[in-house]
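Biologist: Could you walk me through this protein, please? I am new to reading structures.

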Amino acid sequence: MDKILDIDNIDLKIISLLNEDAKTPYTEIAKKVFVSSGTVHVRMKKLEDMGIVKSATLNIDFSKLGYDISAFLGIYLEKSSLYDNVIEKLKEITEVVSAYYTTGNYSIFAKIICRDTNHLRLVLDQIQKVDGIDRTETLIVLEESINRPIQFFGKEK
């Protein structure tokens, strides 16, 4: 908890700028935040060491690579004590791109990306065979309307 106290507005501005575009050069960020590029580098290293910044990622349009189906999968477990085992098995299925331990109807809520409905069926068959999964519910994405990073500065409500 003390590490959070080491974060100031400059750190948040750096995070916000990189969150919008992870490829932004440190020199450009430095100009926008009014510090040196060396300061940006040192602060990014600090944020990585603290585990706040885990990695830089690409925002990929998977449909342009032939992956036309995105779906969310609500997973019901036989027992909540099987969560760790189920997650380890889901990590082995490359089409599972994210998974969350949740409250509510599902024990696990996962996102999967597949080439087409046949590929989706095969992945669902593979997931449903995982020991500890009671049943699943699939929600196919028709359109992604919002996918944005959180803003630390700007509009206040």
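Modeller: The conversation below goes through the model topic by topic.
This is a predicted model, in which local features need pLDDT of at least 70, side-chain atom pairs count only at pLDDT 80 or more, and totals for chains, interfaces and linings use all residues. Residues are numbered from 1 along each chain as its sequence is written, and side-chain values use heavy atoms, with hydrogens and water left out.

Biologist: Which domains does the assignment give?

Modeller: The domain assignment gives domain 1 (9–50) and domain 2 (62–141); such bounds come from an automatic or database domain assignment. The C-alpha centres of domain 1 and domain 2 lie 35 Å apart.

Biologist: And what does UniProt annotate over residues 7–68?

Modeller: An unreviewed UniProt entry carries the annotation "domain: HTH asnC-type" for residues 7–68. UniProt positions are given here in the numbering used for this model, feature names are shortened, and annotations may be inferred rather than shown by experiment. Over residues 7–68 the chain is 53% helix and 0% strand, with the end C-alpha atoms 40 Å apart. Helices (H or I, at least four residues) and strands (E, at least two) are DSSP runs, numbered from the N terminus.

Biologist: What does Ile7 touch?

Modeller: Ile7 lies in the segment before H1. Leaving aside neighbours within four places in sequence, Ile7 is in contact (heavy atoms within 4.5 Å) with Leu12, Leu47, Met50 and Ile52. Ile7 and Leu47 are 40 residues apart in sequence, but their C-alpha atoms are 8.5 Å apart in space.

Biologist: Where is Ala22, and what is it in contact with?

Modeller: Ala22 sits in the loop between helix H1 (9–20) and H2. Apart from neighbours within four places in sequence, Ala22 is in contact with Ala56 and Thr57. Ala22 and Asn59 are 37 residues apart in sequence and 9.7 Å apart from C-alpha to C-alpha.

Biologist: Is Ala22 buried, partly exposed or exposed?

Modeller: Ala22 is partly exposed, with a relative accessible area of 36%. Buried means under 20% relative accessible area, exposed over 50%, and partly exposed in between (1.4 Å probe, protein chains only).

Biologist: Changing topic: how many salt bridges does the structure hold?

Modeller: The structure holds 10 salt bridges, each being a side-chain nitrogen of Lys or Arg within 4 Å of a carboxyl oxygen of Asp or Glu. Side chains of opposite charge can pair when their charged atoms come close.

Biologist: Which parts does the pair Arg43 and Asp11 tie together?

Modeller: The side chains of Arg43 and Asp11 meet in a salt bridge at 3.0 Å, N to O. Arg43 lies in helix H3 and Asp11 in helix H1, so the pair ties together parts that are 32 residues apart in sequence. Both Arg43 and Asp11 are buried.

Biologist: What about Glu88 and Lys91? How are they placed in their helix?

Modeller: Glu88 forms a salt bridge with Lys91, the closest N and O atoms being 3.2 Å apart. Because they are three residues apart in helix H4 (residues 83–91), Glu88 and Lys91 are separated by about one helical turn. Glu88 is partly exposed, at 44% relative accessible area, whereas Lys91 is exposed, at 59%.

Biologist: And which helix holds Asp125 and Arg121?

Modeller: Asp125 and Arg121 lie in helix H5 (residues 117–128), four residues apart, which means that about one helical turn separates them. Their side chains meet in a salt bridge at 3.8 Å, N to O. Asp125 is partly exposed at 31% relative accessibility, and Arg121 is partly exposed at 46%.

Biologist: Now the surface. Which residues form the nonpolar patch?

Modeller: Leu58, Ile60, Phe62, Leu65 and Tyr67 form that surface patch, with about 480 Å² of accessible area together. Patches are made of residues with over 30% relative accessible area and no salt bridge, where like charges are joined within 9 Å and nonpolar side chains (Val, Leu, Ile, Met, Phe, Trp, Tyr) within 5 Å. Accessible areas come from the Shrake-Rupley method with a 1.4 Å probe, and for residues only the protein chains shown count as cover.

Biologist: Where is Leu65 found?

Modeller: Leu65 is in the loop between helix H3 (37–49) and strand E1 (69–77). Leu65 is exposed, with a relative accessible area of 58%.

Biologist: Lastly, what is phi of Phe34?

Modeller: Phi of Phe34 is near 65°, a positive value in a residue other than glycine. Phe34 is placed in the loop between helix H2 (26–33) and H3, and is exposed at 76% relative accessible area.
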